[in-house]
Amino acid sequence: MKHAFLIMAHNNFDLLKILLKAIDFEHHDIYIHIDLNAGDLDFSELKNTCSHSNLYFMQRRTSNWGTYEQVEVEIALFELAYQAKEDYRYYHLLSGNDFLLKSASSIYNYFESSYPHEFLDFAVLEGKTSDSGILPEVDDCFLNRIKFFHPIVSSSKLGRKNFSRISRLFEIVQTVLLVDRTKHSDYSKFQKGQNWCSVSQRFVEILMNSYYNGDIYRNYHSGIFVDELYKQTLFINSNLYHTFKISEYKSNLRYVDWDRGGPYTFKNSDVKELSLLDDFLFVRKLDQTDNCALANKLLALISERQS
């Protein structure tokens with residue numbers, strides 16, 4: 001069965017072209033969203049990048065950091081692939097600044113052999129173990145993202161720091177007023193993690209049903225940074241959670257370094273470190289100014305190992 005790669009890109013299109021070359025494989029279809037804020041773009045260069053994969057472009061819209069717009073774009077990409085009626089085995093959500101650590105065929109074979117495991121990241125399990133087999137409760141600071149109303153819907157003009165400060169002010173005021181939107185939520189449990197994931201057709205069907213009946217909009221449209229909440233929360237409130245085993249937890253197979261940055265941006269000098277990673281299939285994120293050198297080295301390394 002085929003896999004769908006869903007890519008959210010907003011800049012750095014030279015890297016995106018190399019990423020497409022890495023993903024290009026007969027069993028992979030690629031769906032791309034280019035942020036409307038990125039301005040004009042020559043799509044013909046991207047369209048001519050792949051020799052084996054089908055390439056589809058989603059209608060462009062804005063996707064401002066921290067806002068519900070990010071969820072809308074993610075879901076629109078899932079929907080575009082879902083409505084293609086290809087019955088994809090897996091859907092892989094990537095950023096345009098991500099890259100592969102293994103060949104396209106190796107990644108395909110890995111997921112085919114791992115079905116029906118869902119590769120979602122859970123923040124509560126980072127560096128921790130749970131003997132009970134049950135996911136620990138998410139911290140209250142993350143629940144504040146949906147507990148309170150956050151009326152500012154765009155961060156582009158404010159800047160990230162001002163956006164976060166104003167959002168925090170709204171939270172303080174609503175704490176005094178005893179506002180708690182989670183009391184009326186459709187969900188009894190909540191979880192948080194990275195938004196980037198690899199999920200099966202089973203999960204995407206649940207996701208689309210939740211979107212079509214209005215659950216996602218109703219619970220998240222007034223929140224902030226909810227792209228890191230809605231998929232994990234949907235999963236633990238679904239029947240798929242009954243098959244989840246913490247002992248088999250593999251996160252999302254994305255190598256992200258939070259110790260050296262928020263997250264750390266890998267540079268050309270990090271190629272040896274990345275080449276030694278065996279337990280990950282993807283890396284995020286690559287250097288904005290020197291990314292083509294690193295991406296080309298990783299692509300060459302992947303090709304060398306495959307031959």
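**Figure 1. Leu-298 and the residues it touches.** Setting aside neighbours within four places in sequence, Leu-298 is in contact with Phe-99, Val-271 and Leu-274. Please keep in mind, here and in every view below, that this is a predicted model. Leu-298 belongs to helix 11, which covers residues 291-306. Is Leu-298 buried or exposed? Its relative accessible area is 3%, and because buried means under 20%, Leu-298 counts as buried. For a sense of scale, take Phe-43: it lies 255 residues from Leu-298 in sequence, and the two C-alpha atoms are 24 Å apart in space.

**Figure 2. The largest nonpolar core.** In soluble globular proteins, nonpolar side chains tend to be buried together. Here, the largest nonpolar core has 47 residues. Those with the most contacts inside this core are Leu-6, Phe-78, Tyr-91, Phe-122, Leu-135, Tyr-220 and Phe-235. Several elements give two or more residues to the core, among them strand 1, strand 4 (90-95), helix 5 (140-147) and helix 9 (230-236). Which element gives the largest share of this core? The answer is helix 3, with 9 residues.

**Figure 3. Phe-122 and its surroundings.** This view picks out Phe-122, one of the residues with the most contacts inside the largest nonpolar core. Not counting residues up to four places away in sequence, Phe-122 touches Leu-135, Phe-235, Ile-236, Phe-244 and Tyr-249, and also Gln-191, Lys-192, Gly-193 and Gln-232. Elsewhere, a second, separate core has 40 residues, including Leu-16, Leu-19, Leu-20 and Tyr-264.

**Figure 4. The largest pocket.** Rolling a probe the size of a water molecule over the atoms shows where empty space is left. The largest pocket has a volume of about 860 Å³. Its lining is made up of 31 residues, and the closest to the centre are Trp-65, Gln-70, Arg-160, Trp-196 and Arg-284. Strand 1 (3-9) and helix 3 (68-82) are the elements that give two or more residues to this lining. What kinds of residues line the largest pocket? They divide into 15 polar, 9 nonpolar and 7 charged.

**Figure 5. The second largest pocket.** How many residues line the second largest pocket? There are 16, and Asp-121, Glu-126, Ser-251, Arg-254 and Phe-280 lie nearest its centre. The lining of this second largest pocket divides into 7 nonpolar, 5 charged and 4 polar residues.

Note on methods:
Residues are numbered from 1 along each chain as its sequence is written. This is a predicted model: local features need pLDDT of at least 70, side-chain atom pairs count only at pLDDT 80 or more; totals for chains, interfaces and linings use all residues. Side-chain values use heavy atoms; hydrogens and water are left out. On a 1 Å grid over the protein atoms alone, a cavity is a set of points where a 1.4 Å probe fits but cannot get out, and a pocket is an open set with protein on both sides within 12 Å along at least five of seven lines; lining residues have an atom within 4 Å of a point. Grid points are joined across faces, edges and corners, and a volume is the space filled by probe spheres set on the points. Helices (H or I, at least four residues) and strands (E, at least two) are DSSP runs, numbered from the N terminus. Ala, Val, Leu, Ile, Met, Phe, Trp, Tyr, Cys and Pro count as nonpolar, Asp, Glu, Lys and Arg as charged, and the others, Gly among them, as polar. Buried means under 20% relative accessible area, exposed over 50%, partly exposed in between (1.4 Å probe, protein chains only). Contact means heavy atoms within 4.5 Å. A nonpolar core is a set of buried Ala, Val, Leu, Ile, Met, Phe, Trp, Tyr and Cys residues joined through side-chain atoms within 4.5 Å.
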